[in-house]
Structures are given as structure tokens and as C-alpha cells.
Amino acid sequence: MSETNRTVSGRLDALPFTRKHLRVLSGSGLGWALDAMDVGLISFIIAALTQHWGLTKGEGGLIASVGFLGMAIGASLGGLLADRIGRRQVFALTLLIYGLATGASALVGGLALLLIFRFLVGLGLGAELPVASTYVSEFAPARIRGRIIVILEAFWAVGWTASAIIGYFVVPASENGWRWAFVIGAVPAVYALVVRLGLPESPRWLASRGRIAEAEKIVADFEASPALGADAQTATQPAAQPATPPESAAAAAVTEAAGAHSGAQAGGGDRPVQPVRNRLAAIWAPEYRTRTAAIWAVWFCVNFAYYGAFIWIPSILVDAGFGLVRSFGFTLLITLAQLPGYAVAAWLIEKWGRRLTLSVFLVGSAASAIAFGTAETEGAIIAAGMALSFFNLGAWGALYAVTPEIYPTSLRGTGAGWAAGFGRIASIAAPLLVPVMLAAGGAGLTFTVFAVFFLVAAAAAWALVEFRGKALDED
């Protein structure tokens, strides 16, 4: 890592939490909430269309899965694009695709066209999430980076709660309630796009591309921004310079092979970009092979269990005889437990570290899944569902915190994007397999399978590298 890159990194890590950090966090979180609102809404819409259009469970699963197919492709391409053209540009593009496709979904008259638009929505959403976590992590000071990413992930609970409210009040209100739900989902995307265009590019990414003058200007703006919260009282005290991780041999070799000019002058033009094949090969180089395999396994298992459960919970409750409106009300209550799950994970991730926090919440998710699958009374269903929301969403927060940290800047978007993309394979399969599992053994078998996936993810988490309080690798 060049001395200039080291200076940019050190200055960012030494910052207090400022007003500009809050703007980056809230601007990124708004898009995150929109993603959650869309994914949450589709679970209610599937239940409604099953009644209005007479869809089979297989067709309902296809609506969910085709969106996740788009998300898998979007996550992989979004990460690659973020490393090539920058984080902010990918943000704007993803929201544009999402907003247009969601609005168009409200006008469809049949299953085929809805599937096409759901795929396009998935492209936008899939690229959004890993790029957002990468972007925010590159601004966050090292001592609170994990907590900030969990707070970013907590916007997911805000969006999912909004979807549950819309699902409860709007979707069952009329035969066209699901169309109005899509319209409501598209409108905020316009505002989010405006917000995103006003955000700065990642200075770490700019420095890695040789655009030093731009990077230093952004860092200077953050240094001049007022500190917030507890940091406001200590902002004038000099912060300890964080230790810089050793240079990554694998990433350095890839950069050299790609023709990067490490001696670029400050304010100079872009460095040549690593070819896609080199970046993909680099995340599987010996230095990163174990962590890549582990993070892919965690993403796969968590995606399978989470989307398999939460996409189908409203429909499962309807099948249990609770009725459309009542089952949507239960789902709203279950969803409200997501926010405290994030809050606890945000506190623990800087106390316990990434791996322990992630594994504990995954084990809690497994126990909650078994409890939900065997619950019979209304109280037990709601309690077990709320526990599943609490632990599962806390685990998601920890997972998004650890994923971008385990790769250097030159590979961070690619590594996070491909981990998310691989996980989306499971989210494609799960909605299609749930009807099969329900027919074979009911909710008990289905949620026991989810519990097994959570436990496998908990075990894989221990192969990840712990980055609590450490500076990001800037190679």
C-alpha cells in the first residue's frame, strides 16, 4: 500500500462519528430500507395473488425465486462494477432499475409479465446490498465500523416493517390492493435516487485508483464536519493512528499483473482496472481461500433459511386457517422484533467481535426455527416468530459487517458481491423447495431443515477473520 493510501486510510480511521458520516449512513440506509420493503411486500402479494389469481404454491414460489435470480446476478455484477467504476455510480444505477421495474409491476395483468419485472427488480436490489455495506464500511472509523454496518443493516427492519404495515392495511383492502402496494414501493425510490446522487464517492476507492486529490478533498470535508453524539466531546483529542495490516501479496500480485501504476502522482488519472478474471481469481488465492469458502457457506445457508421462512410465513399462516388479514397481522407483530435484534447485535459486535456475535445469533435462529415449526397456539406462534426475527436479523447485521472487512479495497466490492451472489442461489431455491417440504412433513420438517442450515452457518462463521477494531486492508 502506498504512503498516500495509508494516509487516507489513517485519517478516515482517526475520525469521530460526524454529521457527514450520518449523511452517508442515512442515505445508504434509505436504499436498504427500500430493498427490504420490496422483498417483504412480495410475501404478502404472493398470498393475495394466490386468492385473486388462483395461483398454485409452485407459481407463488416462482414469483419469489425469479426475483432472487435477478438478485444473484445483480449482486455479482454490482460488486464487479463497484470495484471498476466506483460505489456511488452503482448506487444510482441500482435504484433507477429498481424504481422503474417496481412501478411497472403494478400494471401487469398476468403471471408472465410479473415474472419479467420481478427479475428486473431483483437485478437492482441484488447489486444494492453488498455495494452499500462496502461503501459505508470504507467511510466508517475502525473502532466503530462493525456497529455502523449493523445500524445500516437495521434499515432492513425499517423497510420490512413498512412492508408489513402496507401488507396489513393496503394489500387486503381490495382486489387491486397489491397493485397499490407496488406503487407505494416505487415512489420512495425517486427520493432515494436524489439522496444517493448527493453522496460522495469512497475516498479509499478513489485513492486505490490514483485519484488522490479527490480522495483527500473528501477526507478533509469529513474532518471539518461537526462530530455527533459521544464523539462530539472527544473530537478535539488526537486519535491513535490505527495499525495498518500487512500488504496483501495476492492482491499486490493481481494489481501488478493488471498494470496498476503504484507511482501515480497525486491528483493523477485513474489507474488501469484489474480484469474481472483476475479479481475473481484473487478472492480464491491462497491468502483468501479459506475466508472466501467460509463466507460463501454462511451466505448460502442464511439465505436459504431466511428467505425460505419469511417469504412463506404469511402463506403458511393462511393455510393454518388464520385468514388473510389475521395472518398478515401476525406477520406484522413478528416483524417488529427485527429492530431489537439489530440493536443488540450492534452493541455486541464491538464487545464480542464479529465471529462470536454472528455464531450466537445463528444458533439462536436455529432454536427459534424449531420452536416456530412446532408451535400450535397463537401465543406460541407469535413468540417463536418474534424470536426468529430477533435472532435472524441480528445475524444478518453481523454478516454484512464482517463480509466487506475480510477483503482489501481492490477486491472488496468483488468479494462482497460474489458472496452475496452465491448466497442468492439458495434464496432462489428455497421458495421453490418450501412447498415440497411442507407437503412432505409440514411446518415441523420445513423449519427443522432451516434450523440445520442455521447451524451449518454458525460453524462456518468460525473460519472467518476477526477484524474488530482493526483497520481495513487498503491494497
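## Cavities

A cavity, in the sense used here, is a set of grid points within the protein where a 1.4 Å probe fits but cannot get out. In this predicted model, three cavities of 30 Å³ or more are present, and the largest cavity has a volume of about 80 Å³.

Helix 2 (19-52), helix 3 (57-85) and helix 5 (111-139) each contribute at least two residues to the lining of the largest cavity, with helix 3 giving the largest share, five residues. Among the lining residues of the largest cavity are D38, I42, F68, M71, R118 and L125.

## The nonpolar core

The largest nonpolar core comprises 143 residues, and W156, I295 and W396 are those with the most contacts inside it. Because domain 1 (11-233) and domain 2 (282-474) both give residues to this core, it lies between them.

I295, one of the residues with the most contacts inside the core, is in contact with L399, V402, T403, I406, Y407, A419 and L464, when its neighbours within four places in sequence are left aside.

E466 is located in the segment after helix 18 (409-460), and it counts as buried because its relative accessibility is 18%, where the cut-off for buried is under 20%. Apart from its neighbours within four places in sequence, E466 is in contact with G353, R354 and R355.

Two of these contacts involve backbone nitrogens: the side chain of E466 reaches that of R354 at 2.9 Å, while the backbone nitrogen of R355 lies 3.1 Å from a polar atom of the E466 side chain. The C-alpha atoms of E466 and L356 are separated by 9.4 Å, although these residues are 110 residues apart along the chain.

Notes:
Residues numbered from 1 in each chain as written. Predicted model: local features only at pLDDT ≥ 70, side-chain atom pairs only at ≥ 80, totals over all residues. Heavy atoms only, no water. Helix = DSSP H or I, 4+ residues; strand = E, 2+ residues; numbered from the N terminus. Buried < 20%, exposed > 50% of the residue type's maximum accessible area, 1.4 Å probe, protein only. Contact = heavy atoms within 4.5 Å. Polar contact = N/O pair within 3.5 Å; in protein donor to acceptor, adjacent residues only side chain to side chain. Core = buried A, V, L, I, M, F, W, Y, C linked by side-chain atoms within 4.5 Å. Domains from an automatic or database assignment. 1 Å grid on protein atoms, 1.4 Å probe; cavity = no way out; pocket = protein on both sides within 12 Å on 5 of 7 lines; lining within 4 Å. Points joined across faces, edges and corners; volume = space filled by probe spheres on them.
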